Every structure is written in structure tokens, then in C-alpha cells.
Amino acid sequence: MLDATQASKNVASVRDLKVHFQSKRGVVHAVDGVSFDIRDGETLGLVGETGCGKSVTGRSFLRLLPVPPGILAGGVVSFRPHGPCAVCEGAGCADCTNTGRRASGDQPIDLLSISSENMRRIRGDRIAMIFQDPGKALNPTLTIGAQMSEVFLQHRSAELLERASLPPDTSGAVRRFAAQEPRFGDGLILKFPPKRGQRAKLQVALNQMVTEALAETQVPNPVKLMDRFPHELSGGMRQRVMIAQALACNPDLLIADEPTTALDVTVEARILELIRALQQRRKTSVLYISHDLSLVRRICDRVAVMYAGRIVEIGTTEDVFANPRHPYTRGLMAAVPTAGTARGKLAAIRGTVPELVDPPSACRFAGRCPYETAACRRNDPSLLPVAGDHSVACFIDHPTGSQVAPSFERVTE
Amino acid sequence: MNASPKQETAPSEVLLSISDVQKYYPIREGALQRVAGHVRAVDGVSFDIRRGETVGLVGESGCGKTTLGRVVSGLTDATGGAVHYNLDGTLSQIDHLQDRQARQFRRNCQMVFQDSFASLNPRHLVIDIVGRPLRVYKEVSSGDLVERVVELLEQVGLGRQHLYRYPHQFSGGQRQRISIARALALNPEIIVLDEPTSALDVSVQAQILNLLNDLQAERNLAYLFVTHDLSVVRHMADRLVVMYLGKVCEAGETQSIFDAPHHPYTRALMAAKPDLDDDRTGEQVKGLDGIVPDPARPPQGCRFHTRCEMATPVCGWEVDDVVRWLEDEPGMFEHLSGVERQSEFNAELAFDSEEAAAKLSMAIRSESVPAAMKSALKRLNLKGHKVDIEFEAVDEVQLTARDGGRLASCVLDPAHVAEKSQ
Amino acid sequence: MSEITDSNFDKTAVRDTAFRVRMRRFFGVLQRLTSNPTTVVGLVLIALMLAMAIFAPWITEANTPDAYQMPRDWGAVRKPPGTPGHWLGTTNEGGDVFYGVIWGSRTSLQLSLYVVGSTMVIGTIIGSVAGLVGGWVDEVLMRIVDVFLSIPELIFALAIAAVLGPSFTNIIIALAMVIWVKYARIMRAQVIQIKQNDYVDAARVIGDSKLNIYLKDILPNAVTPVTVQATLDMGNVVLIGATLSFIGLSEAGIAEWGVLVSEGQAGIASGRWWASTFPGLMIFLWALAFNLVGDGLRDALDPRIEGR
């Protein structure tokens, strides 16, 4: 679990993020004022049902939203790429090998406003993402080896050249090949013997790096895997490949968008173990997006519950699960069938998610909440702390004006 | 405790009897499309469904549960074995039924599908969709049709205002309700539900599950509930059938299975996704290594032995296991030039060099091979660049009856399985 | 029972009937169709030419005994456009070009309707059979289709027409024999794809007859690409037909645009452009109009946009 003493550094901070979508019915406020921090080395879970905006939030880190219907309507997503390790100042020591600490700057940048060129550099390198359907995220026409190679060629070409022990005066063509920036005529140059030899060395080094990355995700035979195509692999394997690809460059932040939803339960458990192990070893921060409460409970340090484009509750996993304060969170937990539930008596939340087109200023859960009061229909509650790290956006805990807070003991199913 | 006990009185009559059902799909190869083998999607499954009860059919992808659901509802014919339907007191095979009897079966056995969007014709209005069964069997005059449909819609929590709408105008949960209304139209005795809530949000799932339970109580419906979600099936099913690779590995009363599973696979399923109420922390999650074997060449003995942590020497170790293990060991598979099988258990592995063969014969005796597999080896001879192996031949592990109506196909003592606590 | 809030349904829904809802959907498609300017141009052109065809007898007096024969006025041979009584000029044999243009639209309409109508039916039936039955029936039928498809449309039609002999009816037959395969292919692909949908299984579980399932579930969902293709073909058939006529495989002297272009072609060198140009222009406009509408229809019927 999270070490409390290093809690002060955040690898990412979202402040008042607003993402809207243009649709026939109007402007849909998919994400409407979301704020949270992702601390260094922690796994933050983002939980919610369909349409709550969690996927959109995750994608806005990498600006992977289709911009014509999508509108970045405001907010700041500040990202602090890791600075050098505090112990050795970037020189390399036992503490920081294999973690993401590099000699890059320590200045936070706003991911929403940097240029697309810079964004491209960050994608895959400092922030990586893994998706729900590994079958769709992998290129079906390339072998696994070829796909993984791309990552290394794009982002770690310097290291690659070093590994291939190519002398510093290697011709530009080879360097450019390594960095995937070929110039006209390079293809021809690389065919000639001395260049060919160097290129072969490069290929060997590349294969080594790919194999190592794959081995880290515990695939049985990485060398053999490299020659396979995605469709030849099972879902679990594909997901491991995707994870290997994502972690290839030691990113500071990994965004996982429902990575195990398409997998069988037993495979899912293995993948979760893997993500947890890798995260702890490399001290990567993870934003884990899911709709599955039991899953989030098992691997996340802190959890944020989203509903209708807002965060309604956030806190450590223990706190939120042991003592859920928001009626939606409580409703959600009560709706999951557990051993103790009597048949036919699953607590269902009445009503449906409101349309997010020009939402009125009222609590979005009004109309579905068993504890509703008049204030709930007039004002929007803000996310305020309840106890320590635990915050809720609800008038029950933060009554406005002279409202008397109703006790939670009433009603529950 | 949980589920309100059902019918403690005399055991209800059997509605459907699934006996030794097999569904094989031929694999065709070559220009002449010769049959080269069979995918054994369902390989000998038997259980009964009684009036008013819910039988849960659980397993992961590829276990055959969906295929079995389709055979039970009559969408596909079984290639072996039979499904018997209780027709006026006698059990008759559903693929032998003619005319009036076939119609009676059809009316009494309905199905709800997983994908609520794909199971409703996008060009039909709700009145068309829900009214169709009534029209097909000419149950009502066209004047009464609308009223009957409205009645059905109200029973599933929809209303008159939904009659003249297209499926795409509804949410996933509402579409599933429409599906259920359609299934109820002819007052069936049993409904096969194929992952009805897998695609729905948790809160919507709760509504649908509550609805299904209410309907069951009102109409004394039987359900065959096919799902991969253990927590759902625990909530819904009276009895459980756990499938793996086309066969049943465990069957019995839901609660007692959850209390003490007899089969390691059931145990693995439960360990992979503990209850939300469980206070145990992250370390307790356990997955399964390996992948589901090819259903065209299922493992010998117990099909689960390739991934089982508690496998014993008599669980069916065979040549294929060695080959599979070879594939995963770097540096060995490339040197394998051929496998000459005398049987599933006895073969000669040919390598391209003597040292590769020697390497293999040493490796098999090493730690990297499961101990059970090593003990099952009857013979291991190194002959130049060939390695001759033979395992103890074992028969397919059968389902054995245990106490309290439980069935399980595992050679291990149930106490031993239960004792491997998390 | 659990409650559903109907935030997405308005209160007037209660007064709806099936008819009204279906009409609304149909008008939705129409509206999408007309929102595209090029499609509107095509629709207007089609409307005009349709009007020409329907009202032909009222626009110009029908020729006796056969309205489809070009009237021959030996006294007004080779007159240029603008001549009173012959506003678009006359042909070598004194045929009124204007007459030819108007009545030619009738022949074109007949040509396209007969050809597209018959091929749609034949192609749909064969394609459906292949898709539904599968197995060797499918193989055999599709190999036949492949043979037909391997020959270029024009050459094939040419060959058939040449064998059958020059006549308008034979052109229809020739074109029909060449084009039906397209529909068979489309229909088969659609049937195979739709067959896999759960709602077809649902209909089977209900116990509906196979024919009903085909008519109610498969066919209505399969018609979209067929409709689009049919619209495009209405235009293209006239184009190919005109080509065949131009070569001389049709009857001489009838009021058909291709024939007119052919007959007037000799005069172009001598500066008498009108006998070929006006019918030629009509061919172009007809094909263009149907192509524009066909494309617009394809977009309008796109299920991804439909109904959202």
C-alpha cells in the first residue's frame, strides 16, 4: 500500500476538467468539473457505470478524444514527469534502476494545452495507456515483435544504439533508422555491407529489448511470441503484450481503461496480479478505470466514484468501501449480488442516469436518491472532505444553510 | 445465510432432462473439405431442470455453456445424447417431436439472449416484437393483441407508451425487459437465459435480476441461467452446473458448492473473484496459469489437469503435455523435429541433435516440470537424438456422486480440495 | 415492479399508432435525403424526366401507328434547332428531335424499370437461396455468379444482344442477364450476415416458420444495399443500353436516345450537331440524376446515422 511519507508529490493533477460533446440534442456535458490528484506511485481507481465520463476522463490525459464532436471545455490536467531519483541525482543506483526516474525536468505541464508534437512525445513514453479490447488495440497485420519494436524505435533509440554497441560515429542513416526518421535514400544506404552489418546488430539489440519487455509480463516463451500475430494469441496473452508495450518506456503514468473486461475471470485475476506487481516494482502510477467494484477494491490504493460527469466520492479504498458516504456509492455497492443478499431483494437504484444535455444546477443524483431533500434540487454539491483523505459531494455531509442533515440510518435496502 | 429456500415440499417434476448431450462441430480441411477432426464444444453433459427452479450453468469462455443453452432451447440439434422434454407426463426427445408436440415444446421453452440490441429486430416496433409470439400461434385476435402486449409490458416494468418505439430508442436495461416480455408472451414453463445481464451496468443488472426473481415466483417459472459471473449465479440459482471445456466438472446445490467446492476448477473460479463483501485484501486474488486447451484435442484424463495446481499423477498426463511444456521453454522447441505417437500416452520425440534430446531428458527430470507429471512417467529413454516417453494410461475422469446430491469429476478427496485455503 | 422514468419519451407518445411512427421514420429518411444538395439536384432531374415520360402524349402528339417510331417528315429534313414546329431540329429522315427526346424518356424509363425490376427479383431470390441454404447449393450458385461477373458488363451484353438479334426487347433481356448477378451477390452477403443476428435466433425460438422469418426478419434488413444498387442501376442501365443501341443492336428508327445518337452521328462532321447532342445530353442527365440520388440514398440509409 501507499507510503504515507511520500504522499505529497503528485504525478498528475486534474482540476475542473470539462469535456463536452456536440450532438444532435445539444451539448452533452460528459465530464463536467472533475478534479482529483494521482499521487506518485499509487493506483487510483476511477469507478462508475456507463456514461459517467470515466473513459473520457482517462482519454483526455492523452488527448485521445475525437475533437469535432468533442470539445475540451475547460480545466487543467497537470502532469509532472518524473525528475531524477533523489538519492543519486540521476546517476543511477539500486533504488532507481528499473523505475521511471530519468533525468527529465521536474516541471509540471498542462497536458491540455501543449502542442501536438509534444503530446506525441509524451504518448507511449511518459504516459501510456492500455485499452479494453486488446484484439482491437493491436495491429493485426504486424507480428508482435514488429509492433513492440516500433515502441523502442520511437522512444528509446539512443539506448538501442548503445546496446547494439555501435560506435559513436555511426552514420546518420543508421541513427535515423533507429529513430524512425528516415530520409530519402536511406533505404538504399542501409543495404550496403558496413551499414547492413550495423543494422543487423541493431536488430539483434532490438529483439533483445523486446524479449525482455515481454518476459517481464510473464509470457511463457517470449522469443516464440515475437513471431506470432495477434489473432493467434488468447485474450490474456494479448493483454500482456499490450501491457508490455505500454510499460516499454517506463512511463510515469499508466492509464488502464477497463483492461480486463473482455477477459475470463481466471485470466483477469492473473492480469491484475501482473499489473499490481509491475506497478509496485517500477513505482509507476496507475489510473485504473473500471465499472467493477470488486476489482477496484482489490488493486487500488484510492478510489474515485464518478456519476454523471462528476466525482461524487473519493478516498482511500478502505475508507470508501468500509464507509461509503454518497448515496450513489452506497446504492452501487448494495446492487452487487453478494452472499448475504436475499433473492429478489437486490437494492436497485430507481430511475435512470439523467441526460447530460445542459444539466440544471441541481445534484445530478436527485430523483434517484433515497435521502433527497429540497436543497438537493436547487444546488450542486461540491466535493468536500469528510474525514482525512475521504471527500464526498453530497448535502448530507455538507448541508447548506440551515438544513439539518438527515441521518443515514433511515431507509437502506 | 442467503436464498430463501424453495419448495421444501415434495421434489417438483422434471421439466427438461439433459442426458449425455454432445455437440461436436466438424473441422474440415483440404480442397475436398474432408473432416479432419471435431471441436467438442459439449462433450457429454447431463442434468435435470425441475419446475420452478433455477439451474445455473457456469463457466468461462469456450466451456460450451452457450452452445448447451442453444441445444436445450432447440436452436441447434445435439450431435449425441438428447434433451428430453416433459410432455404431459412423459419425457420425449425434443428433436423427435412432431407438429403439435413440437409446438407445445416451443411454446413452453423460450430464450433471452445476451446482447439486448442484437436480439431485437431493429426494424420492428415493440408491439411487433412482443406481439409476435402471440401472432405466430394465433393466440389472440388482432383487436386484443395490443391489450395483451400492454399487459406483458407492464409485467416487466414498461408501459403502453413504449408500444410504438424502435429498439434503438431504449436503454440496454429496457431492451432486456422487452426481450423478457417477449419470452413471457406464451406463458412458458422454462426460460433459457444466456448471460442476460452481462452487458448491463450493475444497478441495471440489479433491477433485471429482481424482475426475474419476481416473475419466477409469480409464474413458477424454471430458468436455465447461463453465465460466467459467479456472484450473479450464486444469487440466482438453486443448483449449479460448472462446466470446463465441454464437460461438467461439478454440479449440485449452489450454497453447498460455494461452501465447499469439490473440484479445483470451481475453487479457482471462486478464488479469482471473491465476493464484494469479503474483507480479505488484494493478496488473496488468485488466477489460473495457462490457456484453455484446444477443444478439438481435449486433454486426457481430467481436462483441467493442464492448469490444475493440485494435479496428481493419475490425472491424465500425456504426450501433449510434454509438447506444450516444450513450447513454453525457450531454446528447446526449435530443436524438436517430430513426434511419433503410438498413443496419447506413448510417443517418441525426435530432435535435430543428440544434445537437444539429452537436454530434454534432463529437463523432464528437473524442477521445472510439475511433480505430478514426473511421477506419472512410466518410461523415459534417451535413444540418440530421440527421446522415448510413456505415461501411465488413465481413463477419462468421470463424474462421481458425492453426499447431498453433489457431483464432481475430480480424483482428489474433497477435504483436500477444500483445505487448500487462500 | 421496478419503476422506469421516461425522461426520453414525451407525453404525446400515448397517442401514437404504429402507422404514425413508421411514417415518421420514413419521413426522417426523406428528410435526410433532401438535406444533401446534390441529392436534391438529382431528385429534381428525375422528377422532370419522369414527368416527361408520363406526360409524353400531352407534350407532343403521339406518332401513329406506333408512338415509339420516330415520325418521319420528309419535308422537313435536316432542319436546325429553332425551326418552328421542330424546336430542337430534325434528323436525316425528318424525325423531330424534340419528339425523340420526350418519347425517348419513356423508352428509357421502360428499359430501366424492366431491367432493374426483373434483376432485383431474380438476383434477390438466387442470392437468398444461396445465403440461406449454404453448402453445395451456395457453392454452385456462386460459381455461376462468378462466371458472369468475370465478363465485363458491356462486352457481355453486347454479345448476347448480337446473338439475339437487334431489337429493343433483346436489349432488355441482354442487360438483365448481365446485371442480375450483382444483386445475387449483395443479397447473399446480406443474408449470411443477418442470419447470424440474435433476433433471427429469437424468431426461431418463438417457433415462427422459416418463410416468415425470411420475410419479416431477414429481407427487410437486407434491402438497403439492394435499394441503393437498384437506384444506381436505373441510371447505368440506360447508359449501357444506349451504348448497345449506338452500336446498332437495337431497332432502327425508334424513339430511343441511343438510337438517335447513333443515327445522328454521321451528320456531325457536316455540322449537324443537334440530332446527336440533345439525346446524348439526356442520357447523361438521366445517368447523372440516378447516380446522385443513389449516393444520397446510401448516406441517408446508413444505419449508423439512422434514428439517432
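This note goes through a predicted model, starting with its chains and ending with the helices of chain C.

1. Chain A. The secondary structure of chain A consists of 14 helices and 12 strands. Of its 413 residues, 46% are buried. When contacts in chain A with a separation of 6 or more are considered, 67% of them are made by residues 24 or more positions apart.

2. Chain B. This chain has 13 helices and 16 strands. Its C-alpha trace spans about 85 × 60 × 45 Å along the principal axes. Buried residues account for 49% of the 422 residues in chain B. Of the contacts in chain B between residues at least 6 apart in sequence, 64% link residues at least 24 apart.

3. Chain B against chain A. Here 38 residues of chain B are in contact with 41 residues of chain A. On the chain B side, the elements giving two or more residues are α6 (202-219), α7 (230-236), α9 (264-272) and α10 (319-328) of chain B. The largest share, eight residues, belongs to α6(B). By class, the side of chain B that touches chain A has 14 nonpolar, 13 polar and 11 charged residues.

4. Chain B against chain C. This contact takes 29 residues from chain B and 25 residues from chain C. On the side of chain B that touches chain C, at least two residues each come from α2 (99-108), β6 (109-112), α3 (126-136) and α6 of chain B. The largest share of that side is the four residues of α3(B). The side of chain B that touches chain C divides into 13 nonpolar, 10 polar and six charged residues.

5. Helices α5 and α7 of chain C. Helix α5 (residues 135-150) of chain C packs against helix α7 (residues 168-195) of chain C at an angle of about 135 degrees, and their axes are 9 Å apart. Because angles over 145 degrees would be needed for roughly antiparallel, and 65 to 115 for roughly perpendicular, α5(C) counts as oblique to α7(C). The crossing of α5(C) and α7(C) is left-handed. In α5(C), the residues Val145(C), Phe148(C) and Leu149(C) meet Val181(C), Ala184(C) and Arg185(C) in α7(C). The contact of α5(C) with α7(C) is made of five nonpolar residues, no polar residues and one charged residue. In an α-helix there are 3.6 residues a turn, so residues three or four places apart point the same way.

6. The length of helix α6 of chain C. Helix α6 (residues 153-164) of chain C has 12 residues, which at 1.5 Å a residue should span 16 Å. The calculation uses one less than the number of residues. Just after α6(C), Gly165(C) has a positive phi of about 105 degrees.

7. Helices α6 and α9 of chain C. The axes of α6(C) and helix α9 (residues 210-247) of chain C come within 10 Å and cross at roughly 50 degrees. That angle makes α6(C) oblique to α9(C). The crossing of α6(C) and α9(C) is right-handed. Which residues of α6(C) meet α9(C)? They are Glu153(C), Leu154(C), Ala157(C), Leu158(C) and Ala161(C), and they meet Ile240(C), Thr243(C), Leu244(C) and Ile247(C) in α9(C). By class, the contact of α6(C) with α9(C) has seven nonpolar residues, one polar and one charged.

How values were computed
Residues numbered from 1 in each chain as written. Chains lettered and ligands numbered in written order. Predicted model: local features only at pLDDT ≥ 70, side-chain atom pairs only at ≥ 80, totals over all residues. Contact = placed C-beta atoms within 7 Å. Nonpolar A, V, L, I, M, F, W, Y, C, P; charged D, E, K, R; others polar. Axes fitted to C-alpha atoms, helices over the stretch in contact; angles between N-to-C directions. Parallel < 35°, antiparallel > 145°, perpendicular 65-115°, else oblique. Left-handed = near helix turned anticlockwise from the far one by under 90°. Buried ≥ 20, exposed ≤ 12 C-beta atoms within 10 Å, placed from the backbone.
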